[in-house]
Every structure is written in structure tokens, then in C-alpha cells.
Amino acid sequence: MEEFYMSNKKLRQLEAYKVDDNNKPLSTNQGLLVSEDEHSLKIGSRGPTIMEDFHFREKMTHFDHERIPERVVHARGTAAHGVFECYEDASDITKANFLSAKGKQTPVFVRFSTVAGSRGSADTVRDVRGFATKFYTEEGNYDLVGNNIPVFFVQDAIKFPDFVHAVKPEPHNEIPQAQSAHDTFWDFIANNQESAHMVMWHLSDRAIPRSYRMMEGFGVNTYRFVNAAGKSHFVKFHWKPKLGVHSLVWDEAQKIAGKDPDFHRRDLYENIEQGNFPEYELGVQLIAEEDEFKFDFDILDPTKIWPEEEVPVRILGKMILNKNVDNFFAETEQVAFHVGHVVPGIDFSNDPLLQGRLFSYTDTQLIRLGGPNFHELPINRPVCPFHNNQRDGYGRQTINVGPVSYHKNSIQQNTPSPVSPNDGGYEHYQEKVEGVKIRARSKSFEDHFSQARMFWLSMTDIEKEHILKAFSFEVGKVTRVDIRQQVVDMFANVDVDLATQLAMNVGVQPPKIKQHVQINKTSPAVSMYANPIFSTETKKVAMIINETTEDLAQIMNALKAQKITVELVSDKQQTILGFTVDHTMDTTSPVLYDGVIIAGKFNNPKTKNKLNHFIDETYNHYKPLALLVQPNSTQQVQPGDEGIVQTVESFIEALRIGRHWNRATAIG
Ligand code: HDD
């Protein structure tokens, strides 16, 4: 077994539950060997099936019951195992043991997801992405349940069901699937203006990531770190991907949703299988308890970021995802995350969104996983021992021995016995809280537009263009004109020019408000394109070849040397110069690649049309295109245009950069 496998306590634990059915005799669930599995038991071969057929009944009953409710949000997801490694002793800020020593390793399981769509919906829709990590620490499971966007739509958890109802398919006809571009979503936004900042992120390219391997993660809520001396810091969590943050373009994203609805799932799975293990660094922003009120926003408000320029990110370690699941249902579907799964040294703030989340997650697992014993499912078990007086319930597996299931007792000398904080027992941070009982929100949560404008001002020109396009698409799909108008009026608070252009694009009156929020502050860290990480690593390229192709082996070697993944595409399934093609131009699509190389001349008019489609789409989505031979292509694509090249070397450079935005006639 591979070394990383042996050193991963969680993977070793899971081994005990694995069953290999390969080459094994068929039996019923009772262990009875089955001699025949294609015919039910009948009276005569044309007669009725009889009740006695226990084999039929068992098989059918299991089938009839094999679906569980999908997650109420984040239903569509995919997951992988990995390892977190601590860079340095962080005991000055937290007593969490998994962050206590350089080189300390902790097994992790990460599930990525979309939010709005059903379990079978497409991966590349415009949506927030979930980024949930379970650390199997020696002190119990710690779950960091985050998103790829650092703020949220609502400030108080009591509004979460309303928000989710608004974004989900409309209840009368269950349309549209996995889309925010519809009336109820935008009606909610216009009437709940605390969402303004989040909407700006949601309309940015962050909401159409290129890959789960190329997006940031954020804990969103404000938590607490507490060290052994009892000193507390407010903390926000960050995951920073080694490959940088990259996105699709909207036209491409929509087409991928049809060409390969599993695009992100496949990308993660294939790259892990190929040994391209995704890596993310874990960072924290810290604010000392005494500095709680020093900012121009409330640090407990989940619709606000802590600008990285004001509160720097301290990097604590890195996570590598290096193993795919063996069984999607057993692991990815049954994993149960909860923001309340913490370890000593990590605690909560009074962020009202977080407070409500602390209730919701366990509650939802009860219905989804069918009772209170979901912690016994192999994927959810801690790797450290656990003992308490909880007993029974559906599907209980543990056989707790002895007569005692209560505390205090004398029969078992009070075991299991509580552990003092000095010996690792969890102790809640002793925050002093006083106040009147009141259903209200703090006045310090009332500024909904300053950071939304800061986000807008921090965007590069191309990001601004994409946000305006996304706004125009989404609001343009709203059928009720008054909602379109309300959205225009609302976003004039962020930027009057933006709202005025939006009004023109969606056919309503220019905004009534003529004055946006008066701030000019920026936070360059929120821009994806201001300081991009350029790389060719793991980018996927289609090379179109046929019998006219030359130097194939050399080209392949040059690309592989840059860690580029190549798929060979031709007009038919065949082997050329010793290479078997992976796809025909019919079984794949240009939208599925980061760049295209044309290395074969085609004469058949129908094939030429298909080739033109590859060229046009690659051009329109700003991606690099190598014309190693000159095909009879469409007019607009000419060597010399940005990212349109004629050699393998210049293609590699163009691919490193990624998108080539200065193509005047591109449509993406
Ligand atoms: Fe949540 C799932 C992230 C607010 C209630 N949430 C869920 C998942 C992620 C997040 C990544 C999927 C976990 C998995 O892969 O199994 N949720 C967030 C973030 C939020 C947030 C970053 C804002 C800071 N969530 C939020 C609120 C509530 C919930 C305010 C309710 C009060 N979330 C849930 C849930 C889910 C869930 C209903 C559905 C499935 C599940 O928990 O296990 O309990």
C-alpha cells in the first residue's frame, strides 16, 4: 500500500469497512448463496410471481429504499481525501493541537459543491461554491464549512430559509434549475438590501470557477481562536489555492453545462487519479479581542470582509488532496459537516449567521441520514476514541457493554468521566454577555453598500465588464419589469454608472438615486485579475491531429514537460504515429479545454466545419490557439492576434497567461 495511505489514520480506519465483491459468489443479505438472479419465482414460467420469493422481495425492497433526501442546499457536490500539514507552531494564537507543531499531519476529507442545484444538476452554473473540510484530528473532528466567496447574502440565520426559497426553483412549476436568473431571486435581493455586497461577488467570475482546484475558500463567519493562556482573537479562515484563482467565461460555462455537466467533478477526479494533487494553503486573519471596535465595519457582520490590506492573512499550513473516494454514496453523500464540530482552541463569535448555523447542521443530518447515529457512519467517525452515555436509535452499530448509560454513577466509577480543560476537555470561551432580550439587529450592521462599492472599485476593467454583463443577463431574465427597476435603483447605491448602464440593457428607467455611497476605498486582494498566478500546470489542451500531423512525439513531450494535460482529437477514432486519439471532434468540445492546437490539415468540407467550430469557440472564449498548420479557418482568427500563435513554444507561453482578453470580436 502507498506510503501516504499508511500514514493516513482515516484511510486506514476506512479499510475495515470496505467490501470487495469482485469474484465473490452472490448471496442474500442473510448470507444465503443465490443460484439464479434473473427470474422471479413463478407458478409456471408464464404464471404469477409468488409471495414466497424472498430473494425477489429483499432485492426489490432494498432498491425501493435506496435514495435518501438530498442536502437541502449544496446537494450537488464531489469530494476527496487528503492531508493537512502544519507549517509552524501556532500555539501563540490557538491551542488546537493540529496547529501545534511544524510538520504535524492531519487527515482531511473535503467536499466541494454548488448551492442551489439538485444532486443531478450541472457543475458550471453561476453559483457560490461550497468548500467544506473535515479535519480528523487527535482531539476529535473539526469541520471548516466554508464557501468560495467570503461574504454572505443575509446577516441573520433566521433569513436563510427565505433566501434559499427565493433562489431555488420557483415552487409553482419548479423552474429554473440551479439558476439565480429568475424573478424570485431578484425580488428577494431588491427587498433585502443586506445582500448587495454578496451579489457583487456572485455576479463576478468567482461564481463560474474553472476548477475546484483553482478557487479560494473562506470560512465566511467570524470565529474565535483561543490559546492555552485563555487569550482570544477573532478569526476568519482562508484557503488559498496553489494554482491561483481562475474562472470560465459565461458563454463557455453555459455550454459546458450541456457538453459535460460533470465538468468540475471530472476535473477533480481525473487530476487526482493522474497525480496532479490539488493544494491549498490555510490562512487566518486575526483581530485581537481588544480591537473589536476599531474598524469601519462590524467584524461580526457576515456581509463584510476584513480587507486583507488592513488585516493580513497569516498562513498556517497546507492541504493536499491525494485520494479519490472509493464509493460516492458511502463517503461523499454520507459525510455530515457541522460548524459546531470544533476542537479546543477554536470557538464561536456572536455573528448571528453563525449562531443559527450552529443549530441547522445537526438538525438537517437527522432527516437526511435518518437518525441520531450518523456519526457512526465510517466517513463521519473520528479517528480518536469516543465514549459517552448516548445509546440506541435507528441503525446503532456500536455495542456499548455494561449496565451504565448515565452520569453520575457509582457502578462504573463515573466513567465515562468528564475531562478537565487542562487535560483537553473542551471549555467554551468565557465571554461576558449582558443585554435585554430583543428581536433586533445591531445598528452597526446597517451599512449595506460601502463594501459593495469597495468591491466594485477594486475590480479591473475586464472584471467590471463581466459583472455588468452578468447583471444584464440575470436581471434581463426577470419577467416582472418592476423587479428589474427595483434592482437598478438598489445598485445605484453601489455605482450610478453601473446602474445606469444596467437600466439601458434591461429596458427600464435610469436609477432615481443619483448619488452612490461616497467611498473610494479599494481592496486589491478581492480582484481575481489584478495579481493573477500564471501557470501551465494541469491545464488541459486539445490537439487536433490526423495523418498529416508531423512531430507528434516531440510536441507531446514539450507539452508534458510543462505539466500540461493533452487530449488528442481527430475526425475519427484512430491511431496516428503511434498515438491513439482520445476523442473525435464529435465526442468532445472546445469549451472543455484551456487551449487548442491545430496540428492537422483536413480537406473534407464537413470536417473543416467542425474544425472551424473548435477555432471559433477557442477564439471567442479568449483562449490560446496554436495554428501549427494553416487550416482554412474562419475570417476573424489570424496569427498575430493576441494568443493566436504558430509554434508550440509560443503556445505554451500563451497558455501560461490563460485568457487573452483583448480580442475585439470575441463574444464570451
Ligand atoms: Fe450552510 C450545507 C456553507 C450558511 C444551513 N453549508 C452547507 C455546505 C456548505 C455550507 C459548504 C455543504 C456541506 C457539505 O458539503 O456537505 N452555509 C455555508 C456557508 C454559510 C452557510 C459558508 C455562510 C456563512 N448554512 C448557512 C446558514 C444555514 C445553513 C445561515 C442555516 C441557518 N448549510 C445549512 C444546512 C446544510 C448546509 C441546511 C445543508 C446540508 C448540510 O447542511 O449538511 O444545514
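These notebook entries record what I looked up in the structure.

**Basis.** I worked with a predicted model, in which local features need pLDDT of at least 70 and side-chain atom pairs count only at pLDDT 80 or more, while totals for chains, interfaces and linings use all residues. Residues are numbered from 1 along each chain as its sequence is written, and side-chain values use heavy atoms, with hydrogens and water left out.

**Iron.** I looked up which protein atom donates to the iron atom of the ligand, and found Tyr-361 (OH), at 2.0 Å, as the only protein donor. Donors here are N, O and S atoms within 2.8 Å of the metal (3.2 Å for Na, K and Ca); water is not among the atoms, so the site may look incomplete. I then placed Tyr-361 in helix α10, residues 352–368. Helices (H or I, at least four residues) and strands (E, at least two) are DSSP runs, numbered from the N terminus.

**Ligand shell.** I noted 23 residues around the ligand, of which Arg-71, Arg-111, Arg-357, Tyr-361 and Gln-365 come nearest; a residue counts if one of its heavy atoms lies within 4 Å of the ligand. For Arg-71 the distance is 2.7 Å, for Arg-111 it is 2.6 Å, and for Gln-365 it is 2.8 Å. Two or more residues of the shell are given by each of β3 (129–137), β4 (140–147) and α10. The largest share, seven residues, is that of α10. I sorted the shell into 11 nonpolar, nine polar and three charged residues, with Ala, Val, Leu, Ile, Met, Phe, Trp, Tyr, Cys and Pro as nonpolar, Asp, Glu, Lys and Arg as charged, and the others, Gly among them, as polar.

**Backbone.** I found a cis peptide bond from Ile-175 to Pro-176, with omega near 0°; Pro-176 lies in the loop between α4 (160–167) and α5 (183–191). A cis peptide bond also joins His-407 and Lys-408, with omega about 0°, and Lys-408 is in the loop between α10 and α11 (450–457). His-74 has a positive phi, near 60°, and I placed this residue in the loop between α3 (54–64) and β1 (77–86).

Key. A polar contact is a pair of N or O atoms within 3.5 Å; within protein, one must be able to donate a hydrogen and the other to accept it, and residues adjacent in sequence count only if both atoms are side-chain atoms.
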